[in-house]
Amino acid sequence: MGWNLAELIQRHDVPGVQVAVLINGQIDTQAAGVLSTRTRIETTTDSVFQIGSITKLWTATLAQKLVNDGVLDPDCPIHNYLPEFEMLEPITARHLLSHTSGIDGNHFTDTGRNDDATARFVATLTPEDQLFPAGTMFSYSNTGFAVLGRLIEVLRDKPFHDVLREELVTPLGLRTVATDAYEAILHRAAVGHEDVNGTLEPVTTWALAYSNAPGGAQLAMSAHDLLKFINLHMTDFQQLREPQVTVPPNLGAPHWGLGWMLYGKGVVGHTGTTIGQKAFLRVVPDKRVAVAVLTNGLGGAPLAHEVITHTLRDLAGIDTPPRPTPPDDPAPIEDWMTGTYRGTKVDYTVTKTDIRYSWRDGTESHPPQEIVRFDDTSIITKKPDFGTHYVATFVDRDEQGRAKWFHNINACRRIA
Amino acid sequence: MTLRELIQKYDVPGAQVAVLNDGEIHDEAAGVLSLHTQVETTPDSVFKIGSITKIWTATLVNQLVEEKKLDLDEPITNHLPGFQLSDREATDTITPRHLLTHTSGIAPNHFTDTGRSDDALEKFIATLRTEEHLLEPGTLFSYSNTGFALLGRLVEVVRGKRFHDVLREHLITPLGLKAVATDPYEAILHRTAVGHLDTGPTKSWAVSYRTAPSGSHFATSARDLLTFVHHHLTDPALAALREPQLTEIPEFGDGIRGYGLAWMIYGHGHLGHTGISKGQKAFLRVIPDENLAVAVLTNSVNGEPLAREVFAAHGIDMHEPPAPPHNPAPIDDWMHGTYRNPLFDITLDAEHLTYRPRTGFAESLRKPRAEVVRHSERTIITSSNEVMSLIGSDEHGRAKYLHNGAAAYRIA
């Protein structure tokens, strides 16, 4: 591997990292740094990091197994399997897997840590949580993957984590996979880090709500074991990589498959963000190449980009596009873009110079961010946040010619 | 011997020792937290303290007494209106003092799993409605983890908050304790010890969240445990917990002579507690008159002889483990018979204890027949060196109870 991990983590202000590279069934791994700046425990190649939303590939795989077993029709309304699940418009497993269900994405309601957590979470959803008719648009939905997790539980008649263990973890012989903190604590386990008044500190909450486990709230493992799972996809489950939907421009990947993000040029993968941990996966199935970068710091994205760029160029001959940065001489943000848009929890008010974030009661949820025009339909944050400029894209116009949706992978409808 | 040498001598992967002497705490650590991860033990690592948690729960109860929110001698039903045991009279009679001194007659453990969520304790206490109640409250000492879960529930209801929130707000935060964790989601933020059986690291860090107030989940550093003990030695309100409540404790070969409120009382006015939890063993001894306390936290089932040696170095005698006598007297007729606890009917004859399961769960334990010999006037000892007492005398002069810490009553 042609990089110096110790140098990379220092430059990107990441406490600890694991990298694994898969080529032709062979996995190489590296680790550097510490699992927590508080405990100073060294990261090893068998330490476990949270993989966040990369979990969605595991959930998608379990769903596809149900399809293969003839138990699930991906195009049949979910309602047929979960009679209590009622939305405004019929939703299928395919919609959920491709983030086209219209179900608002970020509820994260805490319904405890019992086996019924996901069932109880799904029971909190109401028809109003569907933002648009299924199949009409892409909008990334963590909540939708919790519904998929529930579907898997009902069709297998077992808690999600038991299905995950029995159908993937055990048969693949993955020794580091932990489905909750009770298991992760038996390993060297990475702790996320976040910005506290300008310094990077270990988080005080290890994981997101257990209810969202099928979307990526709890699962932790080594980069090695993640790629051992991915190796399965080199030969199986190709149908999950078929393009299902076009994503609005500049939102990370131009297309989405079933679970998979499709980056173009034969590259697929996913990204995972949990509380202070960031995980990155890129796979080139045709070349039987994959790379996983698991980090426990906010600077993980630019670090991973370097490693991924390097790996895909050297092993697959593929150029990775640069990460978005503000143009040198940006066009102005136009009137049709400005306004207030509603996310699951946060309202976004776009002005010609910044975005303001507020909770539903109007109080500020995060400090405002300066923005500039990125291209015809997108804006970008002016200052990098741990090396990342965030992009949002305006989608569709209303009768007055104003943007209908503010899209930051979650579609947020204009409310003012 | 250094701690590093001691862990080698006794085959303990990792240990922490803290000594409180005249208000000063000194601590040290040695070994690894897990033979699997090979992470070094540090003084700020956390170990599970098992049943030593009961002293923390008792402290939370005592705070309620101090605030006049609770009386130790009033029935707990005054505060838990819906609470019910299968025995109506026991339900209405049990007081916090019974629970704190293990004299409520509630069986040692109950096994309905009520999950890992905030409401686990509340749900668990509700399951007691259908559980067999064995002994009239106040009859005799019979160690009960469930009894301390019930105290935890009492704390929750009187405070109107979840047990762990009360623990944090009323002890952890005011005492400024940093190396403590009430569950694995907190413990994972620290260096955390994993228990070891003779075969290696345990497969689960903790089970039975429902009994957290009796010691299934709480983890601390030895230093933070002694900071808590220092609070006990300096706050006059907590001296009451050390007052002997029971002076006649059956002999179990563990050196315990009596009980305060949660505190175990050993000889020479020494106090303490022991905690055993998923392959971790924790030991605490306190000599209040000398302002001395020693905590030994280990991540191994082999922790006890190590603790004994550490205590001895500080002038604290820890009871030698019991062993069968060379020429044991016979097990007398008055001892023979069949004794009942919630899980088993246990038959004692001249040579054996035979366990007949009473429930499916008991069946699954596959408890084998044990060889026993006479140990002392009123005790027997098994081939695995477990001492049991034969207590009381019925109208035929036969023992009324077979007692191994928890009592079983004679049925034949």
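Strand 3 of chain B pairs with strand 7 (residues 219-220) of chain B across 2 bridges, in the antiparallel sense. One pairing can be named: B:K48 lies opposite B:A219 of strand 7 of chain B. The model is predicted.

**A helix pair in chain B**

Helix 5 (residues 120-127) of chain B packs on helix 6 (residues 145-159) of chain B. The angle is about 120° and the axes are 10 Å apart. Helix 5 and helix 6 of chain B are therefore oblique to each other. Helix 5 of chain B passes helix 6 of chain B in a left-handed crossing. Helix 5 of chain B contributes B:L121, B:E122, B:F124 and B:I125 to the contact. Helix 6 of chain B contributes B:A149, B:L150, B:G152, B:R153 and B:E156. By class, the residues of this contact are 5 nonpolar, 1 polar and 3 charged.

**Chain A overall**

Chain A has 9 helices and 20 strands. Its radius of gyration is 20 Å, close to the 22 Å that the globule rule gives for 416 residues, so chain A is as compact as a globular protein of that length. The C-alpha trace of chain A spans about 55 × 50 × 40 Å along its principal axes.

**The 8-strand sheet of chain A**

An open sheet of chain A holds 8 strands in the order 2-1-12-11-10-9-8-7, with antiparallel pairing. Strand 2 (26-33) and strand 7 (245-246) of chain A stand at the edges; each has a single partner strand, so one side of each is left without a neighbour in the sheet. Within the sheet, strand 8 (residues 255-256) and strand 9 (residues 261-264) of chain A are antiparallel, joined over 2 bridges. There, A:H255 has A:L262 of strand 9 of chain A as its bridge partner.

| Helix of chain A | Strands of chain A touched | Angle between directions |
|---|---|---|
| Helix 1 (residues 5-12) | strand 1 (16-23), strand 2 | about 50° with strand 2 |
| Helix 9 (residues 300-316) | strand 1, strand 10 (267-273), strand 11 (278-284), strand 12 (289-295) | about 165° with strand 12 |

**Where the chains meet**

In the interface, 17 residues of chain A contact 20 residues of chain B. Helix 7 (residues 181-184) of chain A supplies the largest share of the chain A side, 3 residues. That side of chain A divides into 11 nonpolar, 4 polar and 2 charged residues.

How values were computed. Residues are numbered from 1 along each chain as its sequence is written. Chains are lettered from A and ligands numbered from 1 in the order in which they are written. This is a predicted model: local features need pLDDT of at least 70, side-chain atom pairs count only at pLDDT 80 or more; totals for chains, interfaces and linings use all residues. Two strands pair if DSSP finds at least two bridges between them. Helices (H or I, at least four residues) and strands (E, at least two) are DSSP runs, numbered from the N terminus. Two residues are in contact if their C-beta atoms, placed from the backbone, lie within 7 Å. Ala, Val, Leu, Ile, Met, Phe, Trp, Tyr, Cys and Pro count as nonpolar, Asp, Glu, Lys and Arg as charged, and the others, Gly among them, as polar. Axes are lines fitted to C-alpha atoms, for helices over the stretch in contact, and angles run from 0 to 180 degrees between N-to-C directions. Angles under 35 degrees count as roughly parallel, over 145 as roughly antiparallel, 65 to 115 as roughly perpendicular and the rest as oblique. A crossing is left-handed if the near helix is turned anticlockwise from the far one by less than a right angle, and right-handed if clockwise. The radius of gyration is taken over C-alpha atoms; the globule rule is 2.2 Å times the number of residues to the power 0.38.
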